[in-house]
Amino acid sequence: MEMLFYLILAALVLGGAIAFGLKLFNKLTNNGEQTNVANLIVNTRALKGSQGYGTSGANLIPQLIVTDGIPDGLTNSSGAIYNSWNGAVTVSSTGPAFVLTYNNIPQDSCVSLATKVAKTRAYSTKINSGTAVIGEVDSATASTNCSATTNTIAWTISQ
């Protein structure tokens with residue numbers, strides 16, 4: 001009976017450790033993706049010429065690949081870029097600005113990315129089909145708009 005008690009206790013401790021480890025891994029993934037987004041923004045800004053980022057709708061990923069502007073935390077598969085959740089990452093020109101789009105984001109990670117990336121009025125953040133928010137996205141708005149199992153965030157960067 002005493003041995004059964006210790007086995008149950010050990011199973012509970014192991015289960016708690018696994019659950020904690022998974023939460024910690026998810027936080028690391030969120031932090032890594034925030035870094036990837038920040039690096040993509042910096043590297044894409046380096047592509048800006050006197051006329052902006054080129055023709056509206058132009059795919060900027062090939063230019064980022066050539067200039068070694070794809071962060072190591074993203075997967076490059078034959079010219080297509082993917083995030084940690086196997087969602088497509090796109091960067092396209094609007095002419096004077098560019099749009100960085102992240103797909104297939106889990107709900108909790110969506111809230112984290114939406115609230116942590118855009119901090120200035122140079123950013124417009126659109127979550128799924130919601131209305132774009134200029135500047136910082138508060139957690140209430142992100143929690144409401146990040147309602148799907150997998151989500152899409154599109155940041156329009158104008159500087």
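In which loop does Asn86 lie? In this predicted model, Asn86 is found in the loop between strand S2 (80–82) and S3. Its phi is positive, at about 60°, although Asn86 is not a glycine. Most residues other than glycine have a negative phi. Asn86 has a relative accessibility of 64%, over the 50% cut-off, and therefore counts as exposed. Asn128 also has a positive phi, of about 50°, and is not a glycine. Asn128 belongs to the loop between S5 and S6. With a relative accessibility of 28%, Asn128 counts as partly exposed.

The chain comprises four helices and seven strands. From the N terminus, the order of elements is α-α-β-β-β-β-α-β-β-α-β. The chain has 159 residues, of which 36% are buried. Among contacts with a separation of 6 or more, 62% join residues 24 or more positions apart.

The seven strands form an open sheet. Their order is S1-S2-S3-S4-S7-S5-S6, and the pairing is antiparallel. Strand S1 (75–77) and strand S6 (133–134) are the edge strands, each pairing on one side only. Strand S4 (residues 98–106) and strand S7 (residues 150–157) run antiparallel and are joined by seven bridges. Strands of a sheet pair through backbone hydrogen bonds. Thr101 has Ala154 in S7 as its bridge partner. Helix H3 packs on this sheet. Its contacts there are with S4, strand S5 (123–127) and S7. The direction of H3 makes about 150° with that of S4.

The largest nonpolar core holds 32 residues. Those touching the most other members are Ile41, Leu100, Tyr102, Leu113, Ile127, Ile153 and Trp155. Helices H1 (2–45), H2 (61–66) and H3 each give two or more residues to this core. Beyond its neighbours within four places in sequence, Leu113 contacts Tyr102, Ile153 and Trp155, among others.

Two aromatic pairs are present. Tyr53 and Phe98 form an edge-to-face pair, with 5.0 Å centre to centre and 70° between the planes. Tyr53 lies in the loop between H1 and H2, and Phe98 lies in strand S4, so the pair ties together parts 45 residues apart in sequence. Both Tyr53 and Phe98 are buried. In the other pair, the ring centres of Tyr102 and Trp155 are 6.0 Å apart. Their planes stand at 70°, over the 60 degrees required, so this pair is edge-to-face too. Tyr102 is in strand S4 and Trp155 in strand S7, 53 residues apart, and the pair thus links distant parts of the chain. Tyr102 and Trp155 are both buried.

Thr115 is placed in helix H3 (residues 107–117). Its relative accessible area is 12%, under the 20% cut-off, so Thr115 is buried. The side chain of Thr115 reaches two backbone oxygens: that of Val111 at 2.9 Å and that of Ser112 at 3.2 Å. Leaving out residues up to four places away in sequence, Thr115 touches Val137, Asp138, Ser139 and Ala142.

Asn151 is located in strand S7. Its relative accessible area is 1%, and Asn151 is therefore buried. A polar atom of the Asn151 side chain lies 2.9 Å from the backbone oxygen of Ala148. Not counting residues up to four places away in sequence, Asn151 touches Tyr102, Asn103, Asn104, Ile105 and Pro106, among others. Further contacts of Asn151 include Gln107, Cys110, Asn145 and Cys146. Asn128, the partly exposed residue with a positive phi, also touches Asn151.

Note on methods
Residues are numbered from 1 along each chain as its sequence is written. This is a predicted model: local features need pLDDT of at least 70, side-chain atom pairs count only at pLDDT 80 or more; totals for chains, interfaces and linings use all residues. Side-chain values use heavy atoms; hydrogens and water are left out. Buried means under 20% relative accessible area, exposed over 50%, partly exposed in between (1.4 Å probe, protein chains only). A polar contact is a pair of N or O atoms within 3.5 Å; within protein, one must be able to donate a hydrogen and the other to accept it, and residues adjacent in sequence count only if both atoms are side-chain atoms. Contact means heavy atoms within 4.5 Å. Two strands pair if DSSP finds at least two bridges between them. Axes are lines fitted to C-alpha atoms, for helices over the stretch in contact, and angles run from 0 to 180 degrees between N-to-C directions. A nonpolar core is a set of buried Ala, Val, Leu, Ile, Met, Phe, Trp, Tyr and Cys residues joined through side-chain atoms within 4.5 Å. Rings of Phe, Tyr and Trp (its six-membered ring) pair if their centres lie within 6.5 Å; planes under 30 degrees apart count as stacked, over 60 as edge-to-face and the rest as tilted.
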